[in-house]
Amino acid sequence: MTDKIHYRRDGDIAVLRIANPPVNALSQEVRTGLAEGMNRAEADTGVRAVLIVGDGRAFIAGADIREFGKPPQEPHLPDLCNRIEASPLIVVASLHGVSLGGGLEVALSAHYRIAQPTARVGLPEVHLGLIPGAGGTQRLPRICGAKDAIGVITSGRHLGARDALALGIIDEITENDPEEAGLSYTRTLLAEAAARRPVSELPAPEPLDWDAVYEEVLKKGRGQISPAAAVRAVQASSELPFVDGLAEERRIFNDLMQTDQRKGMIHAFFAERQVSNLPELKDTPARQVEQIGVVGGGTMGAGIATAALLAGLRVALLEMTQQAAQAAGERIAGNLAGALKRGKITAEQQSRMLSENLICDTRDAALSDADLVIEAVFEDMDVKREVFGRLDAVCKPGAILATNTSYLDVNEIAAATARPSDVIGLHFFSPAHVMKLLEVVVADKTAGDVTATAFALGKRLGKTAVRSGVCDGFIGNRLLNACRSAADHMVLDGASPFQIDSALQDFGFAMGPFAVSDLAGLDIAWAMRKRRAAGRDPRERVGRYADKLCEAGHFGQKTGEGFYLYEKGRRGGTPDPRVIDLIKAERVERGITPRSFSDAEIQRRYMAAMVNEGAKVLGEGIAGRPLDVDMVQIFGYGFPRYRGGPMKWADMTGLPEVLADIDRFAQEDAYFWSAAPLLRELVAQGRTFDDLNRDA
Ligand code: T1G
């Protein structure tokens, strides 16, 4: 018997306890141990039932994802599930913590399932670019019907015990230790001479309009294929005998295993867990943070304060005037009302956050007890330095002073204080209490424990925190600027901004760059273009059509007019034909003969610009690992998770091909398309960005 499965007799019940920390993943050893445990139980005289239970914090979190992409080893999980189900003994699974993917499939192959009130179950394989591959698409529909099964499988969501009971996935919610609860439940079954209940022998689920469901799920996936593929597998459970349905599930599963989407999503799974673990900070203790200060109660400041309140922190928010402080309080109350509506908090928690944990004030002294202060005022260096001078004077020794600047030089801000080692950048994304990304911008003099504290705070706020060095735009906005420039150049040369947006939506982005600009406000990029104009290199091509839009007061969604026209109460905008006129006029002025661009070319140019700039920030050490760049783009810029992020996409596309594109584009514009030295180096060495992730 492997040491991953502990076998114990309790009267006429054999207990198989899975012990493979941290989450009892179904590694080959665990699968072997379960198969051997079943054999032993069936051979053990007097045993009438088997209880399967997990050790530690979960039942089973699924197949071992680290084994994917490697040659599959026996026993294969579908066979193990069939073996468990076919046992002549009664088999009971007692669930606690999570039972996900293959973990729930093992439970569904048992004849009875019970769960703790806090247990969560689900089939989240679509989030890995896969479908359930061990009978989940065949057994679940037999239990809860095709419609609900498709809802569970294509969403990949985790269900609470109550929902699982309502769907018939579990038979009972039980308090008490999972093993004790399992033993007493199994004894009752034996006492009542309960029958074995193989799920595979339940009637096939009702048919649905499969093509309609397939199309609907495919559309919702915005290019991701696994959820729609799962619909076909559930269709098989309705149309084919169980064994044939299982074979069809396996065929679809194996096809998906070969896809780039699977590779991209598994890369994203592990990168998301690695990105906030900085090797250099492994043994650096974080400072304690229980009370934070926020300077500025606008949209960003109020969002940051809300995120902190939702994480159980006390907040003191500073504004210039009483009126502004009150308005900030109302914004925060509005954000919390939204959280209440989404079921994230209770009414009682909401009122405690507002009455006990939040003060909005105009006196600097309100920040004197704060462990960490985040400045979120107007994006102007003089204003920021003035604020940091005041914070330096009023904040206690050891307090961390953070700036939420999106672009400005954090070193220069730190120099406005006598304690630059306590200064760091914490770049939140709007809305700050919703967006998961947090860029932790480490300045030249920032102390190690200040950085460690920033990451600890990020974890507490439920953020995906990514380390960035100091440069114009850090990681995210620097790549965005490069992509926007590439898009701008395509517009000057003949493409329509609306075609560019739709081509990038087809690529999988939530929104195209022009629609994003309208959302963020065209005046922000305008201010940045003006700020940069003085130092701009004459070789840099910059369109003027966007300036003209701003000069006409068209700032995007906030004014109802931008690249698109926005009607009150309607989602999304319609292309503004006047934009095309502006662009045509500028081409004539510049003597440009426009040409057509295919969607594929638009996507390649946009991605080439993103990857090239990504390689530059890596080469300069602004980003430490390619996976850092990938996580910034996925969690902050709507990059399609199923492509793994720009650097992973480049690896899967082939770095030599991406470099060849850049060199080809450089023949038109050598200034913009200068290939990153790191990219050339990797191509010359036949290496990939993933190699750099592994080296880090
Ligand atoms: N395989 C291998 N390692 C896993 C794992 C898994 N399934 N799940 C978690 N880990 C590691 C993780 O990398 C981390 O490692 C540590 O456990 C703690 O995780 C045939 C094909 C369970 C909800 O998709 O969603 O079954 O970083 O930091 O926030 O149909 O992990 O410490 O070295 O995330 O408390 C389906 C994936 C697989 C669930 C816990 N299962 N896991 O979250 O901790 S496919 C999943 C999660 C499948 C079959 C198919 C979460 C969690 P390290 P953590 P957490």
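Modeller: We take the features one at a time.

Modeller: This is a predicted model, so local features need pLDDT of at least 70 and side-chain atom pairs pLDDT 80 or more, while totals for chains, interfaces and linings use all residues. Residues are numbered from 1 along each chain as its sequence is written, and side-chain values use heavy atoms, without hydrogens and water.

Colleague: In what order do the strands E5, E7 and E8 lie in their sheet?

Modeller: Strands of a sheet pair through backbone hydrogen bonds, parallel or antiparallel. Two strands pair here if DSSP finds at least two bridges between them. Helices (H or I, at least four residues) and strands (E, at least two) are DSSP runs, numbered from the N terminus. The order is E5-E7-E8, in an open sheet with mixed pairing. Strands E5 (98–100) and E8 (159–160) are the edges, each pairing on one side only. E5 and E7 (residues 120–122) run parallel, joined by three bridges. Val 98 sits opposite Arg 120 in E7.

Colleague: Which strands stand at the edges of the eight-strand sheet?

Modeller: That open sheet runs E12-E11-E10-E13-E14-E15-E16-E17, again with mixed pairing. E12 (358–361) and E17 (464–468) are at the edges with a single partner strand each, so one side of each has no neighbour in the sheet. Inside, E14 (residues 400–403) and E15 (residues 423–428) run parallel through three bridges. Thr 403 faces Gly 425 in E15.

Colleague: At what angle do helices H24 and H26 pack?

Modeller: Axes are lines fitted to C-alpha atoms, for helices over the stretch in contact; angles run from 0 to 180 degrees between N-to-C directions. H24 (residues 599–619) and H26 (residues 646–653) pack at about 115°, with axes 9 Å apart. That makes the two helices roughly perpendicular (under 35 degrees is roughly parallel, over 145 roughly antiparallel, 65 to 115 roughly perpendicular, the rest oblique). Contact means heavy atoms within 4.5 Å. Among the residues that meet are Met 607 and Leu 618 in H24, and Trp 649 and Ala 650 in H26.

Colleague: How many salt bridges does the structure hold?

Modeller: A salt bridge puts a side-chain nitrogen of Lys or Arg within 4 Å of a carboxyl oxygen of Asp or Glu. The structure holds 52 salt bridges. The side chains of Glu 179 and Arg 17 form a salt bridge at 2.5 Å, N to O. Glu 179 is in helix H7 (residues 178–191) and Arg 17 in strand E2 (residues 13–18), so the pair ties together parts 162 residues apart in sequence.
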